[in-house]
Amino acid sequence: MKTQLSSLDVLRTRTDCLVVGVRESAQQPPSTRKVEKASKGLIASLIRSGDIDGRPGSTLLVPSPGGIQAKRLLLVGVGDKPDIDDFASAALAGARRLCATRSVSAVVALTEIAVTGADLITRARVVTQAIQEASYRFNRLKTAKGKEAARRQCSVTRVSLLASTGQNDAAVRAGIHEASAIANGVALAKDLGNLPGNLCTPSYLASQARKLARSHKLKVDILDEAKMKALGMGALLSVSRGSREPARLIVMEYQGGRRTDPPVALVGKGLTFDAGGISLKPAAAMDEMKYDMCGGASVFGAMVAAAELKLKLNVVGIVPSSENLPDGAANRPGDIVTSMSGKTIEILNTDAEGRLILCDALTYAERYKPAVIIDIATLTGACVVALGHPATGLFSPDDDLAEELLACGESARDRAWRMPVWDEYQKQLDSPFADMANIGGRTAGAVTAACFLARFTKNMTWAHLDIAGTAWHSGAKKGATGRPVPMLSRFLINRAAR
Ligand code: BES
Ligand code: MN
Ligand code: ZN
């Protein structure tokens, strides 16, 4: 998909689909008025007949409209005084309807709509993001060929965002470029997430990292189990011992800054399938535990966005990857393992495995002396209970880093909500036999998981993102969301600019 800025004449442009906004009662936007005039009152009559009412998110496709050059006219309700949320949902509805046509090219005039608190750059970003979101498909494991396969695809390949030219063209183009790079990162994160556990194994993720090394000029280092053993990663290796797929520690480096600049470290949980181990999960919806590597996938996605935008900063992405399965060699409840940090951990529940693979990866990350370290993990069901699906859980003892990430989430429309990591919760991790237990009891499960990780990040400026509720959709719309790639990418973009 190629998205560009254009200042074409809406009436004379030859395109497969012209997309314009329709208000409920206020005066129609400029392009809509032009179309209205050229088509001799078409839109007013469709509003009168009730076929389109201008509410945000309503759409109407008009095939072969008279008076204009476009093959199709897509009317998208935008409300009278849309805020950014109304506008984003209208853009997404419009993009979905557009993808349901057989259009290859489209001219989208939604960017011209006045939106409370959103400038043209923001609107261009939102529309670009909406089109990328609507056109994403995961069909690679369906065998249909030819017409049937084509029907499933979104046929749109070229999109022009209409805006009367002005002095800030360059900034708008930059906004579109940014949104496209982020969308590429999101699409990669979704693809990796949607791949099932039998195909997306730790070795597969490692091979994808090597592929990125070539396509995006990253430096990649893959640690196998022997190397991890030599480093003393007893917590990570204890999880993979119950699996036939060998674990991998994937390290990707993007160097866009000076050699000596401390990097931003991103550490993503790459659990390619989480059955729970001996503390086996119930059968219902267990298939969704293929998404337990979405934190790792978001690290891949953010690295791609940083590389495509040639950001002037250094990033190191670390993805500890393993399966968690029951087996004769698997962790038993009560087992005590020694982490790379030297601290011992009593494994009271083998299903709390994410923190076991992350703690060793976090300790490993220390050698990069990162400016900040952010881990991203589908860590706890408790986080889903606390925040549901709209918000990622954000945990950090550092107020500045927390605020920075929250703001990035807001502006990228990929929001987080802050949760505590107070010392008061630490005692829930007390163990009679080891330095700590790997679970903290029934209450505040998302917090005690974060408190566990906090014990391994004392020497760094650290934040933890629990994406258990935000990384994928269940039910009819089942699929990875690519979150929090937009938030992380925004963070890297802002950091590179300062
Ligand atoms: N990957 C899961 C967390 C999860 C569960 C994410 C459901 C999304 C939906 C994690 O490894 C896990 O199993 N956590 C346990 C921790 C508990 C044993 C303390 C959980 O949340 O139940
Ligand atoms: Mn688990
Ligand atoms: Zn897990």
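Two residues are taken to be in contact when heavy atoms of theirs lie within 4.5 Å. The model is a predicted one, in which local features need pLDDT of at least 70 and side-chain atom pairs count only at pLDDT 80 or more, while totals for chains, interfaces and linings use all residues. Residues are numbered from 1 along each chain as its sequence is written, ligands are numbered from 1 in the order in which they are written, and side-chain values use heavy atoms, with hydrogens and water left out.

By that contact criterion, Val108 touches Val19, Val127, Ile131, Val159, Ser160, Leu161 and Leu162, when residues up to four places away in sequence are not counted. Val108 belongs to strand E5 (residues 105–108), where strands (E, at least two residues) and helices (H or I, at least four) are DSSP runs numbered from the N terminus. With a relative accessible area of 3%, Val108 is buried, a term that means under 20% relative accessible area, computed with a 1.4 Å probe on protein chains only.

Helix H1 (residues 30–38) has Ser31, Thr32 and Val35 as its buried residues. Viewed down the axis of H1, these fall within an arc of 100°, so they line one face of the helix; the arc is that of the directions from the helix axis to the C-beta atoms. An α-helix has 3.6 residues a turn, so residues three or four places apart point the same way. The buried residues of H1 pack against strands E2 (18–22), E4 (72–77) and E6 (158–162), as well as against helix H2 (42–48). After H1 comes Lys40, whose phi is positive, near 55°.

The zinc ion (ligand 3) is coordinated by Lys269 through NZ, by Asp274 and Asp292 through OD and by Glu353 through OE, at 2.0 to 2.3 Å. Donors here are N, O and S atoms within 2.8 Å of the metal (3.2 Å for Na, K and Ca), and sites may look incomplete, since water is not among the atoms. The six donor atoms around the zinc ion subtend angles of 79 to 176°, which makes the arrangement octahedral, a label given to six donors if opposite ones are over 155 degrees apart and all others between 65 and 115. The zinc ion (ligand 3) lies 3.1 Å from the manganese ion (ligand 2), and Asp274 coordinates both. Distant parts of the chain are linked by the pair Asp274, in strand E10 (residues 270–274), and Asp292, in the loop between E10 and helix H10 (294–308), which are 18 residues apart. Both Asp274 and Asp292 are buried.

Methods: Tetrahedral: all angles 85-135°; square planar, octahedral: opposite > 155°, others 65-115°. Buried < 20%, exposed > 50% of the residue type's maximum accessible area, 1.4 Å probe, protein only.
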